Structure formats: structure tokens, C-alpha cells
Amino acid sequence: MAIKNVVFDFGGVLIDWNPRYAYKQVFHDDEKMEYFLNNICTGEWNSQMDRGRSFDECIAELSTEHPEYKEQIAMWKTKWEDMLGGTIAQGLELLNAVKKSGKYIPYGLTNWSAETFPIAYKRFPFLNDFEGIVVSGEEKMIKPEKGIFLTLFERYHLNPEESLFIDDKEANLATARSRGMHTVLFADPEEGYKKALKLLKL
């Protein structure tokens with residue numbers, strides 16, 4: 001079945017988000033920063049906000065568990081915008097190629113807090129170019145859960161077998177494939193870009 005839709009993840013594919021951009025300004029010591037990000041403000045902890053919990057609630061809870069890091073934990077909210085490093089060139093080139101082709105319709109499926117997504121939406125004008133976007137924080141579900149993929153299909157009337165999903169995490173792609181989607185891994189942007197162009201014949 002021919003591909004008609006191209007579904008993009010945002011962080012790691014189109015947008016360079018990394019808390020290190022903010023915390024380098026705080027710790028001035030890579031070893032201490034890495035300890036903090038691997039043991040205190042972890043990816044697993046951040047996923048709670050991607051799932052819809054509020055920043056204030058998560059920060060208050062974690063600060064109670066680690067009072068010695070209370071000030072740094074609070075910066076996850078106050079310095080969040082500093083975590084945005086810009087765009088990922090290959091991802092943006094791919095999005096532009098998809099739009100210019102006139103053969104495919106672009107959609108977005110992202111793990112992102114509902115509180116901070118408006119900041120990204122304002123900063124990156126290309127987010128206006130999607131036919132539809134599903135944001136995990138708004139749906140109270142995150143990838144790789146099957147439910148958020150079903151929300152995408154149902155809301156925008158997408159046939160999974162006619163849709164390509166591009167993401168930088170294999171676990172998310174595995175769920176997409178289990179629902180019938182085509183997939184391209186974007187862990188290496190240059191490699192992912194070439195694979196997607198080849199698959200889409202662009």
C-alpha cells in the first residue's frame with residue numbers, strides 16, 4: 001500500500017532539545033551535571049510531564065525527595081526554554097522535501113508537555129505546517145504506548161499502512177510497526193534522512 005502520510009516526531013528529529021544546554025550554565029562541571037541528569041532529573045521523571053502531570057507538581061515532589069537539589073530541580077521549569085538548542089537540519093530538510101513534493105501529508109506525534117509545547121510552537125514557525133499534531137501532554141499518554149498512536153489514526157482518519165513514522169527512538173518505532181506503520185529510525189539524522197528520502201522516492 002502506497003505511503004500517503006509522513007508522521008514526524010519532534011524532539012530528536014526536527015527540534016534539538018537537551019537539558020544539558022540549560023544545566024551547563026548551572027553546574028559548570030560536566031561530571032556533576034551528568035550525575036544530576038542521570039540520577040535526579042532523569043528522562044523517566046521528565047516523562048511524567050510529557051504524560052500530562054504539571055511541572056509544579058513534579059518539581060515539588062522531586063524537591064521533597066532531594067532537598068539538596070531543590071534550586072536546580074526548580075530550574076527544570078524556569079530554564080526550560082534554554083533547553084531548546086534549535087532545529088535539526090536533516091529533519092527540517094526532510095519536512096521541506098515532503099511538503100514540496102505534494103505527494104504526502106505531514107503530521108506530528110510528539111512526547112511533549114502541554115505546558116511547554118506552546119513555547120516551541122511559537123519559536124519554530126514550521127510547526128504550523130502540519131496537517132495535525134498529537135501532543136502527549138494533552139492526551140495524557142506517551143509513546144511508545146499504543147493508545148497515543150490510535151488517537152493519531154482516529155483523529156486524523158489515517159490508515160497506518162499508508163503512513164510513515166519517523167522517530168529517534170526504536171521503542172516508539174516498534175509500537176508504530178505493530179500498528180502497521182512504515183518506520184524510519186532517526187537516531188543518526190544523516191542516515192535517517194537518506195533512508196526516508198529513499199523510501200519516499202524524493
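**Exercise 1. Find which helices the buried residues of α1 pack against, and on how many sides of α1 they lie.**

Solution. The buried residues of α1 pack against α2 (30–39) and α5 (70–78), where contact means heavy atoms within 4.5 Å. Helices (H or I, at least four residues) and strands (E, at least two) are DSSP runs, numbered from the N terminus. This is a predicted model, in which local features need pLDDT of at least 70 and side-chain atom pairs count only at pLDDT 80 or more, while totals for chains, interfaces and linings use all residues. Residues are numbered from 1 along each chain as its sequence is written, and side-chain values use heavy atoms, with hydrogens and water left out.

Next, list the residues: in α1 (residues 20–27), A22, Y23 and F27 are buried. Buried means under 20% relative accessible area, exposed over 50%, and partly exposed in between (1.4 Å probe, protein chains only). These residues lie on the same side of α1, because they cover an arc of only 115 degrees around the axis; the arc is that of the directions from the helix axis to the C-beta atoms. In general, an α-helix has 3.6 residues a turn, so residues three or four places apart point the same way.

**Exercise 2. Work out how many disulfides there are, and why.**

Solution. Start with the rule: a disulfide is a pair of cysteine sulfur atoms within 2.5 Å. By this rule the count is 0. The sulfur of C41 has its closest cysteine sulfur in C58, but this is 10 Å off and therefore too far for a bond. Now check how accessible each cysteine is: C41 is buried at 2% relative accessible area, and C58 is buried at 0%.

**Exercise 3. Locate the backbone exceptions around α8, α9 and α11.**

Solution. Begin with the background: most residues other than glycine have a negative phi, and most peptide bonds are trans.

- K143 and P144 are joined by a cis peptide bond, with omega about 10 degrees; P144 sits in the loop between α8 and α9.
- K140, not a glycine, has a positive phi of about 60 degrees, and K140 also belongs to the loop between α8 and α9.
- K201 has a positive phi near 55 degrees and lies in the segment after α11 (189–200). K201 counts as exposed, at 72% relative accessibility.

**Exercise 4. Which residues touch the most other members of the largest nonpolar core?**

Solution. A nonpolar core is a set of buried Ala, Val, Leu, Ile, Met, Phe, Trp, Tyr and Cys residues joined through side-chain atoms within 4.5 Å. The largest has 49 residues, and F8, F10, Y23 and I166 touch the most other members. Apart from this core lies another, of 13 residues, including L109, L152, L173 and A176.
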